[in-house]
Amino acid sequence: MTTAQAGTGRTVTTDIPARLDRLPWSRWHWTIVLGLGTVWILDGLEVTVVGNIASRLSEPDSGLPITSGQVTGMAAALYVAGACAGALFWGRLTDKWGRKKLFMITLAVYLAATALTSIAFDTWWFFTFRFLTGFGIGGEYAAINSAIDELIPKEYRGRVDLMINGSFWLGAVGGSLLSIVALDTDIFAANVGWRLTFALGAVLALVILLVRRHVPESPRWLLIHGRDDEAERIVSSIERKIEEQGGEPLPRPEGEITIHQRRSVSFLEIGRTVFSDYRRRAILGFSLFIGQAFLYNAITFGFGAILTTFFDVPSGNTGYYFAVIALGNFFGPLLLGKLFDTVGRRIMISGTYLLSGLLLFGTAWLFDQGSLSADTMTACWCAVLFFASAGASSAYLTVSEVFPMETRAMSIAFFYAIGTAAGGISGPLLFAKLTESGVVGDTVLAFQIGATLMCLAGLAAAILAVKAERRSLEDIAKPLTAAAEKATPTGSGGGDGGSQGPGPDGSKQATA
């Protein structure tokens with residue numbers, strides 16, 4: 001690494017991004033997956049438990065004066081609204097203060113809020129701390145996805161990102177099974193069981209907080225913010241551990257990049273970069289997030305209500321059905337993830353969105369014809385969500401890798417917040433209203449809206465998706481601080497959106 005003085009700070013020429021990208025998969029990378037990815041298990045537990053206990057909470061002896069519609073509608077919308085607000089608030093701080101500091105703070109916020117939810121005594125208290133729980137989770141999306149992409153080698157980035165985001169559904173399985181036990185009045189009183197589910201979420205968050213202490217700050221972030229000595233120490237330590245584990249020296253890194261270090265990037269520059277220089281990628285991000293957010297937030301919060309309303313499934317048994325579709329969701333990213341790195345982003349993103357949308361149209365038709373039972377409805381949803389889950393996870397992957405380093409966390413936060421606000425708040429409210437009517441046609445309409453948005457997002461991906469597979473982040477989107485005359489791509493060239501000049505996607509590439 002070499003340094004020189006520049007007018008606004010030091011100029012650093014470094015091969016650290018290339019050194020991170022050429023690392024073989026190792027036990028160290030598994031510690032990153034465990035330290036960062038396990039929080040999605042908590043998110044899945046949180047969302048699923050609320051959907052499954054909605055009927056119990058509305059019962060007179062629950063200890064909370066609330067209706068099922070308020071749980072799956074207003075409380076769900078407030079949770080998502082909190083996540084949107086949290087994403088924007090914490091996302092800015094993640095780019096400014098660093099990945100590690102923020103993924104510790106946001107998890108602590110989640111822990112406190114979900115613990116306080118467990119002692120809710122009135123509707124307003126429950127609503128308030130559902131919002132604050134979402135506020136903490138929203139910040140996690142920006143901090144964790146940024147850290148994942150910046151620490152995982154380019155050959156594995158797609159599958160690892162999908163697997164981690166898909167781990168949400170392991171939590172959903174746990175939440176479904178936990179709700180069965182918690183709602184069993186032979187084990188817990190009606191006003192106790194649901195409280196214990198939230199308390200357990202707080203305990204698990206504390207365990208994850210302790211594990212996460214060992215995850216390092218992103219060396220890429222450190223480089224840009226004038227802490228290159230610290231970045232060098234972290235990367236050298238990682239390399240030593242991997243060489244000791246593998247018993248052989250690592251291959252030489254290929255390529256360097258020169259950057260002008262700076263402390264922060266203004267909102268104006270972030271906005272100009274995302275919406276002017278990378279406007280086609282911005283359209284893609286909106287499309288992917290709105291489609292998946294409507295589908296997932298509506299169905300996740302409302303599936304239990306569908307089972308009880310249309311198929312007379314007892315409220316205490318809805319967890320069994322949800323556990324099945326949650327497994328389908330988990331296996332989608334797990335089994336399809338590698339294809340995003342080999343077959344490619346464009347084919348896989350568009351394909352998973354379109355397939356899930358078409359399968360959902362088929363499910364809506366069968367439901368309208370009265371051809372489904374609780375079991376076959378669950379099987380149909382399992383098939384739909386196998387593909388939709390991989391597609392939804394790829395939305396987070398997409399916005400975290402196609403924008404410059406300095407805007408990464410804020411870009412994730414912005415697209416998550418806007419897309420989720422459009423689909424994730426309106427989805428639960430609309431879906432709760434339609435399913436509460438008990439009219440088959442109303443629920444069919446909700447299915448068709450979700451299917452249409454997924455198909456439109458799939459078509460947008462077919463046209464606009466960036467060929468980011470197996471390419472360095474610096475090659476996909478050149479850092480704003482990069483010195484164009486000295487930069488050398490750290491990943492394979494070619495494809496959509498190279499590191500210099502106008503990219504083949506039509507977006508003007510940002511320059512220093």
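**Notebook: buried charges and crossing helices**

I began with Asp 21, which is buried at a relative accessible area of 5% (buried means under 20%, exposed over 50%, partly exposed in between, with a 1.4 Å probe and protein chains only). I kept in mind that this is a predicted model, where local features need pLDDT of at least 70, side-chain atom pairs count only at pLDDT 80 or more, and totals for chains, interfaces and linings use all residues. Residues are numbered from 1 along each chain as its sequence is written, and side-chain values use heavy atoms, leaving out hydrogens and water.

Next I looked for the partner of Asp 21: its side chain meets that of Arg 220 in a salt bridge, 3.1 Å from N to O (a side-chain nitrogen of Lys or Arg within 4 Å of a carboxyl oxygen of Asp or Glu). Arg 220 is buried too, at 2% relative accessibility.

Then I turned to Glu 150, which forms a salt bridge with Arg 408, the closest N and O atoms being 2.8 Å apart. Glu 150 lies in helix 6 and Arg 408 in helix 17 (residues 408-436), so this pair ties together parts 258 residues apart in sequence (helices are DSSP runs of H or I, at least four residues, numbered from the N terminus). I found Glu 150 buried at 0% and Arg 408 at 1%.

Last, I checked how helix 6 (residues 123-151) meets helix 16 (residues 374-401): the angle is about 70° and the axes are 10 Å apart (axes are lines fitted to C-alpha atoms over the stretch in contact, with angles from 0 to 180 degrees between N-to-C directions). That makes helix 6 roughly perpendicular to helix 16 (65 to 115 degrees).

Notes:
Helix = DSSP H or I, 4+ residues; strand = E, 2+ residues; numbered from the N terminus. Parallel < 35°, antiparallel > 145°, perpendicular 65-115°, else oblique.
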